[in-house]
Amino acid sequence: MQSNYLKKLLLENKDVGERYQMKLKVIHNLDPFILETSDLDYSTSGIPPITNMDIVSYLVLTHSFYTKDQMKAFKSLEAYKYFNSGFVLKVGSKVINTFYVLVGKVKHSQRFNDKPLEVWCIVAKDGAVVTAHCTCMAGNSEVCSHVAAVLFAAEYANEKTALVSCTDVAASWPMPSLCTVVPIVLGPLLFLIYINDIRYHHECDFLHLFADDTLMAVTNKDLNLALRKMNESLIQIQNYLNTNKLKLNVAKTKAMVLTTSFKYNNINFQNLNISINTDTIEFITAYHSMLTLTTFTKKYLKKIYFFSRIAFNISPFSAITVYNTIILPHFDYCASILFAFTSNKILALQKLQNRCMRIILKCNRYTNITLMLDTLQWMSVRDRLYYMAMIRCFLFLNKVD
């Protein structure tokens, strides 16, 4: 039986309508939009075991039926704000052919008086999101913020159900007054993974990625030739960004000239021009270091907090991957400065690493540090800093990129 929405879709956009029918085959061609309120289960017992990684995997890693490319819907990862703001009105579930079918309604983000959008999601028994649909325009592509909001609602309810004590009674899905959802950090994390190939799309002498920052450098005895080479490389970078539907934040992009003090004093910076996509990049003529143990620890602890929330729902192997992506680069990138810290400061940094190891291995604070390092095959902070500093010296002395 077809819903009125599907009938209209087949008339207005036959390709999307046929794709809609194809998605319904896993649930015996039952259109979720024809389900009545009495057909759905609104209790916590009907919640599929969705986790943060299941949501991210669907929104970002799933391949589009139309383009055959990965969805990469990083913007939809922020849809937890819809859920947090109460835009998700009602979500019910029904098990069909061993699949969970979630059916819900979500308010418009801008037009509050309009009829709420209808959303359905098909979720496997293990929590993997198979497919979804929304009545909004973007919903035809199977990924939108409204779909993500319903998934976050299910994930939140599933997490709360797991924490219910034996004295609690299962009731309706709770709507929090305030909640913190982990995927706020997963967007930047997966973004870094996908731009790693940018190093193959430039002709600079040096390019280094750290967190969400990218350092590009060219060398030449002639400043004009160096500027020309940098502008050519920026054109290639802009083509890469356009291909991947990304945009450079020119306001946060700066340029520097490193040379001898004599040559530097003779440079007229007003005549220097580096631009990307007609936007001129600002030259900075002075800088200072703000790296102290306090500032470093503050940033590090913020990452550890997010890391602890993520590691709770993923395997140790995945947790190590996340650690190597968002935490370890802080040590490696600043190794040439950190290795000169005093023993007391190095010990403070070692305690931060110990905390991460306990999160990954899920052990208590009394576990032997050497045993944890041997288990993970890691270096201590002191050894790692010296190791990275020596590598930098070797690369510099041998002029290796």
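Salt bridges

Tutor: The model is predicted, and the count in it comes to three salt bridges.

One of them joins D205 and K229, whose closest N and O atoms are 2.7 Å apart. D205 sits in the loop between helix 6 (186-194) and strand 5 (206-210), while K229 belongs to helix 7 (residues 223-243), so the pair links distant parts of the chain, 24 residues apart. D205 is partly exposed, with a relative accessible area of 27%. K229 is partly exposed as well, at 28%.

Another salt bridge is formed by the side chains of E282 and K254, at 2.6 Å from N to O. Because E282 lies in strand 10 (residues 282-283) and K254 in strand 7 (residues 254-255), this pair ties together parts that are 28 residues apart in sequence. Relative accessibility is 45% for E282, which counts as partly exposed, and 42% for K254, which also counts as partly exposed.

The side chains of D332 and R384 also meet in a salt bridge, with 2.8 Å between N and O. D332 is in helix 11 (residues 328-333) and R384 is in helix 15 (residues 381-397); the two residues are 52 apart, and the pair links distant parts of the chain. D332 has a relative accessibility of 13% and therefore counts as buried, the cut-off for buried being under 20%. R384, at 22%, counts as partly exposed.

Conventions. Residues numbered from 1 in each chain as written. Predicted model: local features only at pLDDT ≥ 70, side-chain atom pairs only at ≥ 80, totals over all residues. Heavy atoms only, no water. Salt bridge = Lys/Arg side-chain N within 4 Å of Asp/Glu carboxyl O. Helix = DSSP H or I, 4+ residues; strand = E, 2+ residues; numbered from the N terminus. Buried < 20%, exposed > 50% of the residue type's maximum accessible area, 1.4 Å probe, protein only.
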